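The entries below follow the order in which I checked them.

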Amino acid sequence: QVQLVESGGGLVRAGESLTLSCAASENINKLNQMGWYRQAPGEQREMVATITFSGDKNFADSVKGRFDISRDSVQNTIFLEMHNLKPEDTAVYFCRGKRSVRGMGVVSDYWGQGTQVTVST
């Protein structure tokens, strides 16, 4: 069981930046894909950004050009750099890690407890 612990959330003003961290309890190279998801009040959880073991990145259209995701396999940590934050970015941000096996699909799916990001006008 991999434990994921997010940190770095907080209250910022529109236009400011924030970086989230997600520390894993085990070697993140065992996870095929890691990513950040967010959930605003009354809304469904949505993908924000993902990164694969090989470093391929994918972003939601709403954050392209403003957010970046990275991974550090030495620290077993992934990061979400958020720039030019907007009030609509306000949400609880969750870290996720998935392990897939060829022919079996996703065999492990881990989530962190979430960290609140609030962007004021």
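How many bridges pair β3 and β8, and in which sense? I find 6 bridges, and the sense is antiparallel. Two strands pair if DSSP finds at least two bridges between them; the strands themselves are DSSP runs of E with at least two residues, and helices are runs of H or I with at least four residues, both numbered from the N terminus. One of the facing pairs is Leu20 with Leu80 in β8.

**Ground rules.** I note that this is a predicted model, in which local features need pLDDT of at least 70 and side-chain atom pairs count only at pLDDT 80 or more, while totals for chains, interfaces and linings use all residues. Residues are numbered from 1 along each chain as its sequence is written, and side-chain values use heavy atoms, with hydrogens and water left out.

**Overall.** I looked up the elements and got 0 helices and 11 strands. The radius of gyration (taken over C-alpha atoms) is 14 Å, which agrees with the value near 14 Å for a compact globule of 121 residues; the globule rule is 2.2 Å times the number of residues to the power 0.38. Along its principal axes the C-alpha trace spans about 45 × 30 × 25 Å. Buried residues are 41% of the 121; buried means under 20% relative accessible area, exposed over 50%, and partly exposed in between, with a 1.4 Å probe and protein chains only. Of the contacts (heavy atoms within 4.5 Å) with a separation of 6 or more, 54% join residues 24 or more positions apart.

**Open sheet.** I traced β3 and β8 into an open sheet of 4 strands, in the order β1-β3-β8-β7, with antiparallel pairing. β1 (4-7) and β7 are the edge strands, each pairing on one side only. From one strand to the next the twist averages 15°, with axes as lines fitted to C-alpha atoms and angles running from 0 to 180 degrees between N-to-C directions.

**Partners of β9.** Next I followed β9. It pairs with β4 in the antiparallel sense over 7 bridges, and there Met34 stands opposite Gly97. With β11 there are 3 bridges, also antiparallel, and Ala91 stands opposite Val117. With β10 (residues 105-111) I find 6 bridges, again antiparallel, and Arg96 has Trp111 as its bridge partner. β9 and β10 form a hairpin with 3 residues between them, and Gly103 in the turn has a positive phi of about 90°.

**Disulfide.** What does a search of the whole structure find for disulfides? It finds 1 (a pair of cysteine sulfur atoms within 2.5 Å). Cys22 and Cys95 form it, with their sulfur atoms 2.0 Å apart. Cys22 lies in β3 and Cys95 in β9, so the pair ties together parts that are 73 residues apart in sequence. The torsion about the S-S bond is about -80°, so the disulfide is left-handed. Both cysteines are buried.

**Core.** The largest nonpolar core has 29 residues, and Trp36, Leu80, Met82 and Tyr93 touch the most other members. Such a core is a set of buried Ala, Val, Leu, Ile, Met, Phe, Trp, Tyr and Cys residues joined through side-chain atoms within 4.5 Å. Elements giving two or more residues include β4 (33-39), β8 (77-82) and β9 (91-101). β3 gives the most, with 4 residues. I listed the contacts of Tyr93, leaving out residues up to four places away in sequence; among them are Leu20, Trp36, Leu80, Met82 and Val117.

Most residues other than glycine have a negative phi. Asn76 is in the loop between β7 and β8 and counts as buried at 17% relative accessibility. Asn84 is in the loop between β8 and β9 and is partly exposed at 43%.

Which residues does Glu26 touch, not counting those up to four places away in sequence? I get Gln1, Val2 and Asn76. Glu26 lies in the loop between β3 and β4 and counts as partly exposed at 30%. Glu26 and Val2 are 24 residues apart in sequence and 6.1 Å apart in space, C-alpha to C-alpha.
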